[in-house]
Amino acid sequence: MNNVIKFLDLRKINETYRKEIDAAVKRTLDSGWYLLGKENEVFCKNFAAYCGTKYCVGAANGLDALTLIIRAYGFGSGDEIIVPANTYIASVLAVSQNGCTPVFVEPDLNTYNINPDLIEEKITSKTKAIMVVHLYGQAVKMDKIWEIAKKYNLKIIEDSAQAHGAIYNSKKTGNLGDVAGFSFYPGKNLGCLGDGGAVTTNDEELYKKIKALANYGSNVKYHNIYKGVNSRLDEIQAAILDIKLKGLDKDNARRREISDFYRKNIKNPLIVLPEVKNEESHVWHIFAVRVQDRTKFQKYLEDKGIQTLIHYPIPPHKQEAYKEYNHLSLPVTEKIHKEIISLPISPVMTDKEIKKVSEVVCEYK
Ligand SMILES: *Cc1c(COP(=O)(O)O)cnc(C)c1O
């Protein structure tokens, strides 16, 4: 098939930045300096400014960013961290990698994000933090979570891997809690050409500790104050990210246009469209719809030349890796994982493609 509408055309996305990326790669190559140099410094400064935080430190990927945050707080065995049950596995891995216990909270079926009304009942004397995940690109409703965190003296850790640029109450994600982890995996709204991640925060002490932890536990070469790890954002990726950061708002605006089109034009009683109250709170990393017979719907779209993906088919608590939680019953999460399917959305989709997707979905019976 020639006219397949790809779920995400990464080559085409990066092609729009080709000239500048070529120049940035050449500049880095010529500099002879490939780790923790000027490019990293400039990007981190610009990304912190973009998010509205005082500090940003690079990491090798999003999972590391989240893992380093929990490690820097010193949370470990015996400590509990609240996590949304409906998330990508990485959020939970960051918790368990530190020896902490993830305590799952069900999502709101309308936003797919953690249901703030169900958090308080899960808090115990062992709870240390609430991890919020701005899933699919939609900022979590934070008001109640801020109140709870204050009341019980808990840290708020944001998993912002899917929500670069989403705004809640005039603040961007990455600046909605105590600290945030970002991923720059190629398919994210801000993606590099490999793995990359970052932590943003306004907490100077935490920033310094994470910066050291990510670099062998060292701030001064060969002086190791912590037993750290090696998790750094390399110069080439930082240079590329700095270029793409300048186009992020424009790319997100195009995603919003596509989402608007889908939400206005897709009219099919079999398809549940995503709901959003405040346009700026969503950057549409993923346009997820729900349908009863997902297998049939996915096959139908495939036959019409439309690629889809599922985010995600199995919830973390039902994964083999988390056998100890397989017995849990989290019906809202399980329903979402059974019915959810993601339609193509990306800044490089053409109007013709968007129209075709929406027409084909309308015709589904
Ligand atoms: C992508 C993602 C991560 C992990 O990022 P990596 O860079 O792939 O390690 C974490 N959480 C969420 C919600 C993600 O979507």
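## Backbone features

N153 is placed in the loop between α6 (143-152) and β5 (155-159); helices (H or I, at least four residues) and strands (E, at least two) are DSSP runs, numbered from the N terminus. The phi angle of N153 is near 55°, a positive value in a residue other than glycine. The model is a predicted one, in which local features need pLDDT of at least 70 and side-chain atom pairs count only at pLDDT 80 or more, while totals for chains, interfaces and linings use all residues. Residues are numbered from 1 along each chain as its sequence is written, and side-chain values use heavy atoms, with hydrogens and water left out.

A cis peptide bond, with omega near 10°, runs from H311 to Y312. Y312 belongs to the loop between α9 (294-303) and α10 (331-339). Most residues other than glycine have a negative phi, and most peptide bonds are trans.

## Overall form

The protein contains eleven helices and 13 strands. Its C-alpha trace spans about 65 × 55 × 40 Å along the principal axes.

## Ligand site

Polar side-chain atoms lie 2.8 Å from a ligand oxygen atom in the case of Q162 and 2.6 Å from a ligand oxygen atom in the case of S183. In the side chain of K188, an N or O atom is 2.7 Å from an oxygen atom of the ligand. The protein buries 91% of the 380 Å² that the ligand exposes when taken alone, with accessible areas from the Shrake-Rupley method and a 1.4 Å probe.

Two cavities of 30 Å³ or more are present in the structure. On a 1 Å grid over the protein atoms alone, a cavity is a set of points where a 1.4 Å probe fits but cannot get out, and lining residues have an atom within 4 Å of a point. Grid points are joined across faces, edges and corners, and a volume is the space filled by probe spheres set on the points.

The largest cavity, with a volume of about 60 Å³, has a lining that includes N110, Y136, E275, H282 and W284. By class, this lining has seven nonpolar, four polar and one charged residues. The second largest cavity holds about 50 Å³ of space and is lined by L10, I13, P186, K188, N189, K244, D251, R255 and P347. Elements giving two or more residues to that lining are α1 (10-15) and α8 (235-265), and α8 supplies the largest share, three residues. The lining of the second largest cavity comprises four nonpolar, one polar and four charged residues.

Technical notes
Polar contact = N/O pair within 3.5 Å; in protein donor to acceptor, adjacent residues only side chain to side chain. 1 Å grid on protein atoms, 1.4 Å probe; cavity = no way out; pocket = protein on both sides within 12 Å on 5 of 7 lines; lining within 4 Å. Nonpolar A, V, L, I, M, F, W, Y, C, P; charged D, E, K, R; others polar.
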